[in-house]
Amino acid sequence: MKLSSCLSFQLYSARNFPPLADQLQTLVKLGYGSVEPYGGQYEDPVALKAALDASGLNARSGHFRMDMLEGDITRAIAIAKTLGMEFIAAPILEPLDRVGDTEHWQAIGRRLGKIAEKVNDGGLQFAWHNHEFEFQRLADGSMPIEHILSDPR
């Protein structure tokens, strides 16, 4: 029984259990229809697509590192399209980016907004998922997530 083509397994969660081919087969047996690749798995997108096709899985979305999203978005979009993705997701922020004041978090929101515009212009959708540090109160009582989602132009 397939859980759903919309229910996806984040492959980062299985990073300590290689090889990828075995992971994909296990996920198929568990009923998954989709996976979400990340990082080094994009080194050979054609081979990754072949592995997904061979297993019967798809990749509707994937996490791409912030340095790629900000420095080589064209490559990220090309990889996503090779894999048949609809969504590009930003991953967790680096530790130094997880601490700051209101202005810092507004700047993170602007960075994500710029990425989203480019991803959308490339014909894909952009996703950001929250983490626990975005709900830790700042000195002024607000939370980072409020500033990430604000629109301080």
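Analyst: A residue counts as buried when its relative accessible area is under 20%, as exposed when that area is over 50%, and as partly exposed in between. Tyr32 has a relative accessible area of 18%, so Tyr32 is buried. This value, like the others below, comes from a predicted model.

The structure holds 4 aromatic pairs. In one of them, the ring centres of Phe9 and Tyr32 are 5.5 Å apart and the ring planes stand at 75°, so this pair is edge-to-face. Phe9 belongs to strand E1 and Tyr32 to strand E2 (residues 32-36), so the contact ties together parts that are 23 residues apart in sequence.

Strand E1 (residues 4-10) has the lowest confidence in the protein, with a mean pLDDT of 77, while H4 has the highest, at 98. Where pLDDT is low, predicted coordinates should not be read in detail. For the protein as a whole, the average pLDDT is 93, and 95% of the residues score at least 70.

The charged contacts come next. There are 5 salt bridges in the structure. One of these joins the side chains of Arg60 and Glu86, with a nitrogen-to-oxygen distance of 3.2 Å. Arg60 sits in the loop between helix H2 (45-55) and strand E3 (61-63), and Glu86 in the loop between helix H4 (73-82) and strand E4 (87-90), so this bridge ties together parts that are 26 residues apart in sequence.

Glu70, at 39% relative accessibility, counts as partly exposed. Arg111 is partly exposed as well, with a relative accessible area of 25%.

Arg111 also takes part in a salt bridge with Asp97, where the closest N and O atoms are 3.6 Å apart. Asp97 lies in the loop between E4 and H5, and Arg111 in helix H5, so to speak on a distant part of the chain, 14 residues apart. Through shared partners, the salt bridges join Glu70, Asp97 and Arg111 into one network. Asp97 is partly exposed, at a relative accessible area of 22%.

The sheet is the next element to consider. Strands E3, E4 and E5 form an open sheet in that order, with parallel pairing. E3 and strand E5 (125-128) are the edge strands, each pairing on one side only. Neighbouring strands in this sheet are turned by 25° against each other on average, with direction ignored. The parallel pairing of E3 and E4 runs over 3 bridges, and His63 stands opposite Ala89 in E4. Helix H5 packs on this sheet and touches E4 and E5, its direction making about 150° with that of E5.

Finally, the chain as a whole. The protein has 6 helices and 5 strands, which follow one another from the N terminus as β-α-β-α-β-α-α-β-α-β-α. Of its 153 residues, 41% count as buried. Among contacts with a separation of 6 or more, 67% are between residues 24 or more positions apart. The C-alpha trace spans about 50 × 30 × 25 Å along its principal axes. Asp22, in helix H1 (residues 20-30), is partly exposed, with a relative accessible area of 47%. The C-alpha atom of Asp22 is separated by 36 Å from that of Asp121, which is 99 residues away along the chain.

Terms used: Residues numbered from 1 in each chain as written. Predicted model: local features only at pLDDT ≥ 70, side-chain atom pairs only at ≥ 80, totals over all residues. Heavy atoms only, no water. Salt bridge = Lys/Arg side-chain N within 4 Å of Asp/Glu carboxyl O. Helix = DSSP H or I, 4+ residues; strand = E, 2+ residues; numbered from the N terminus. Buried < 20%, exposed > 50% of the residue type's maximum accessible area, 1.4 Å probe, protein only. Pairing = 2+ DSSP bridges. Axes fitted to C-alpha atoms, helices over the stretch in contact; angles between N-to-C directions. Contact = heavy atoms within 4.5 Å. pLDDT = per-residue confidence, 0-100. Phe/Tyr/Trp six-rings, centres within 6.5 Å; stacked < 30°, edge-to-face > 60°.
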